[in-house]
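Hello,

I am passing a structure on to you, with some notes on its contents. Please look it over before reading further.

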Amino acid sequence: KTNTHLSDTDNITLNTISSNRFDLWKRSIPIIKDNWLVGVGLDNFGIAHNKYYGSNLTDKVHNVYLQILVTNGMVGFIPYMIWLIMVLYCGYKNHCNNIIILSIPFIGYAFQAIFNIMIAF
């Protein structure tokens, strides 16, 4: 028996490949715009999504940066980004091999956070 889900290439889209992450990201933008300062509250994306779209599709945005913006607003996002940038900057500025080597996993973390399912912040 053929697995029709895998062989049905006519229905494959970027959104289906990404586990609907792109759709969630787009849906988070109006929530962020309306709650840009303090967000909707910790771990409340599902409630906000239900309020805006009438469905509780998921409780996570599947992107750490957007999750922080949705739940904590700029009050949480700015300190988080300052921390992230400062760690990378200090590693670059000091030109210390140990700091540079320790920065590599941190860069990996920063990149994977784009597609990550954030558990809590």
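This is a predicted model: local features need pLDDT of at least 70, side-chain atom pairs count only at pLDDT 80 or more; totals for chains, interfaces and linings use all residues.

Residues are numbered from 1 along each chain as its sequence is written, and side-chain values use heavy atoms, without hydrogens and water.

Helices here are DSSP runs (H or I, at least four residues), numbered from the N terminus. The axes of H3 (residues 21-34) and H4 (residues 45-53) come within 10 Å and cross at roughly 90 degrees. H3 is therefore roughly perpendicular to H4 (65 to 115 degrees; over 145 counts as roughly antiparallel). In contact (heavy atoms within 4.5 Å) are residues of H3 including Leu24, Arg27 and Ile31, and residues of H4 including Phe45, His49 and Tyr52.

In the second pair, the axes of H5 (residues 64-94) and H6 (residues 97-112) also come within 10 Å, crossing at roughly 160 degrees. H5 is therefore roughly antiparallel to H6. Among the residues that meet are Tyr80, Trp83 and Leu84 in H5, and Ile99, Ser103 and Phe106 in H6.

Asn63 sits in the loop between H4 and H5. Asn63 counts as buried because its relative accessibility is 6% (buried means under 20% relative accessible area, with a 1.4 Å probe and protein chains only). Leaving out residues up to four places away in sequence, Asn63 touches Trp25, Ala113, Ile114 and Asn116.

Regards

Key
Axes are lines fitted to C-alpha atoms, for helices over the stretch in contact, and angles run from 0 to 180 degrees between N-to-C directions. Helices (H or I, at least four residues) and strands (E, at least two) are DSSP runs, numbered from the N terminus. Angles under 35 degrees count as roughly parallel, over 145 as roughly antiparallel, 65 to 115 as roughly perpendicular and the rest as oblique. Buried means under 20% relative accessible area, exposed over 50%, partly exposed in between (1.4 Å probe, protein chains only).
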